[in-house]
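Student: I have a structure open and would like to go through it with you. Can we take it piece by piece?

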Amino acid sequence: MSSTSKSLRMVIMGAPDVLRREIAANSKIGEIAKDSIAKGQLLPDSFMASLVQNELNKNNWLDGKTSFLFDGFPRTVGQAQALEPVLRPHNAEINFVVELNVPPEIILDRIANRWVHSSGRVYNLQYNPPKVPFKDDITGEPLYKRPDDNPETFKVRLDKYFSELEPIREYYEQKGVYHVVSGNSSDIIFPQLLSLVHKQLS
């Protein structure tokens with residue numbers, strides 16, 4: 001998503017990244033989230049809405065001047081509804097929603113080859129491998145697998161995702177802001193996504 005933020009000049013708030021940061025810091029929020037994430041379970045809607053609100057306030061992104069993109073949030077209608085009163089007092093709203101439609105087998109392959117560093121840097125053994133196998137390029141420290149990066153947890157997460165997808169798709173379709181981009185790789189998806197967002201901002 002870094003290329004997206006640079007091309008569109010907006011900040012990106014990845015809800016899963018915020019959760020992993022809290023877990024790494026052993027914060028109270030991280031302790032609550034750790035077990036659920038490892039099992040592939042979604043956290044309560046109110047919990048996620050509060051997490052996002054705290055992140056927005058902490059970074060002063062509700063200043064009326066900042067354009068931001070949520071990555072991985074909202075995932076349920078409950079989360080979408082909980083987000084609206086957070087944004088409304090600042091004259092902000094969700095005005096563009098994109099579903100990235102990627103075949104499950106492609107996602108599973110990426111997960112199987114994904115390794116991460118404690119800083120948040122992400123590597124893929126196929127298309128973005130570290131210079132030294134299983135070592136971080138900058139620090140040389142060992143990389144590790146996320147506890148939820150396994151086929152069993154992936155299936156749980158995918159089943160849950162599809163069960164929640166149709167309701168939230170209908171929710172945002174009724175608002176006229178829902179779009180779908182399909183592809184097997186970022187080389188295919190990113191140009192479509194960039195074109196859609198530029199049209200929205202023009």
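**Working through the model**

Tutor: Not counting residues up to four places away in sequence, Glu 55 touches Met 13, Val 18, Arg 21 and Trp 61. Keep in mind that this is a predicted model.

Student: Where is Glu 55 placed?

Tutor: Glu 55 sits in helix H4, which covers residues 45-58.

Student: And is Glu 55 buried or exposed?

Tutor: Glu 55 has a relative accessible area of 7%, so it counts as buried; the cut-off for buried is under 20%.

Student: How many salt bridges does the structure hold?

Tutor: The structure holds eleven salt bridges. One of the pairs is Glu 99 with Arg 169, at 3.0 Å from N to O. That pair links distant parts of the chain, with Glu 99 in strand E3 (residues 97-101) and Arg 169 in helix H7, 70 residues apart.

Student: Is Glu 99 buried or exposed?

Tutor: Glu 99 is buried, at a relative accessible area of 8%.

Student: What about Arg 114, which residue does it pair with?

Tutor: Arg 114 forms a salt bridge with Asp 149, at 2.7 Å from N to O. Arg 114 is in strand E4 (residues 114-116) and Asp 149 is in the loop between E5 and H7, so this pair also links distant parts of the chain, 35 residues apart. Asp 149 is buried, with a relative accessible area of 7%.

Student: And Arg 121, which partner does that one have?

Tutor: Arg 121 meets Asp 136 in a salt bridge of 2.8 Å, N to O. The two are 15 residues apart, with Arg 121 in the loop between E4 and E5 and Asp 136 in the loop between E5 and H7.

Student: Which way does each of them go, buried or partly exposed?

Tutor: Arg 121 counts as partly exposed at 28% relative accessibility, whereas Asp 136 is buried at 3%.

Student: Switching topic. How is the chain divided?

Tutor: The chain is divided into domain 1 (1-94) and domain 2 (95-201). Their centres, taken over C-alpha atoms, are separated by 16 Å.

Student: How many residues are in contact across the two domains?

Tutor: 20 residues of domain 1 are in contact with 23 residues of domain 2. The two domains bury about 1,800 Å² between them, and 65% of that is on carbon and sulfur atoms.

Student: What polar links are there between the domains?

Tutor: There is one salt bridge between domain 1 and domain 2, and three residue pairs are in polar contact. Helix H1 (2-8), helix H3 (28-38) and helix H5 (77-87) each supply at least two residues of the side of domain 1 that touches domain 2. By class, that side has nine nonpolar, six polar and five charged residues.

Student: What about Glu 84, which residue does it bridge to?

Tutor: Glu 84 forms a salt bridge with Lys 175, and their closest N and O atoms are 3.4 Å apart.

Student: Helix H5 came up. Is Gln 79 in there buried or exposed?

Tutor: Gln 79 is found in helix H5 and counts as buried, at 3% relative accessibility. Leaving aside neighbours within four places in sequence, Gln 79 is in contact with Leu 43, Asp 45, Met 48, Phe 73 and Pro 74.

Student: What is the peptide bond from Phe 73 to Pro 74 like, cis or trans?

Tutor: That bond is cis, with omega near -5°. Pro 74 lies in the loop between strand E2 (68-71) and H5.

Student: Last one, Phe 154. Which residues is it in contact with?

Tutor: Leaving aside neighbours within four places in sequence, Phe 154 is in contact with Pro 104, Ile 107, Leu 108 and Ile 111. Phe 154 is in helix H7 and is buried, with a relative accessible area of 10%.

Notes:
Residues are numbered from 1 along each chain as its sequence is written. This is a predicted model: local features need pLDDT of at least 70, side-chain atom pairs count only at pLDDT 80 or more; totals for chains, interfaces and linings use all residues. Side-chain values use heavy atoms; hydrogens and water are left out. Domain bounds come from an automatic or database domain assignment. Contact means heavy atoms within 4.5 Å. Buried area is the accessible area (1.4 Å probe) that two parts lose on being put together, summed over both. A salt bridge is a side-chain nitrogen of Lys or Arg within 4 Å of a carboxyl oxygen of Asp or Glu. A polar contact is a pair of N or O atoms within 3.5 Å; within protein, one must be able to donate a hydrogen and the other to accept it, and residues adjacent in sequence count only if both atoms are side-chain atoms. Helices (H or I, at least four residues) and strands (E, at least two) are DSSP runs, numbered from the N terminus. Ala, Val, Leu, Ile, Met, Phe, Trp, Tyr, Cys and Pro count as nonpolar, Asp, Glu, Lys and Arg as charged, and the others, Gly among them, as polar. Buried means under 20% relative accessible area, exposed over 50%, partly exposed in between (1.4 Å probe, protein chains only).
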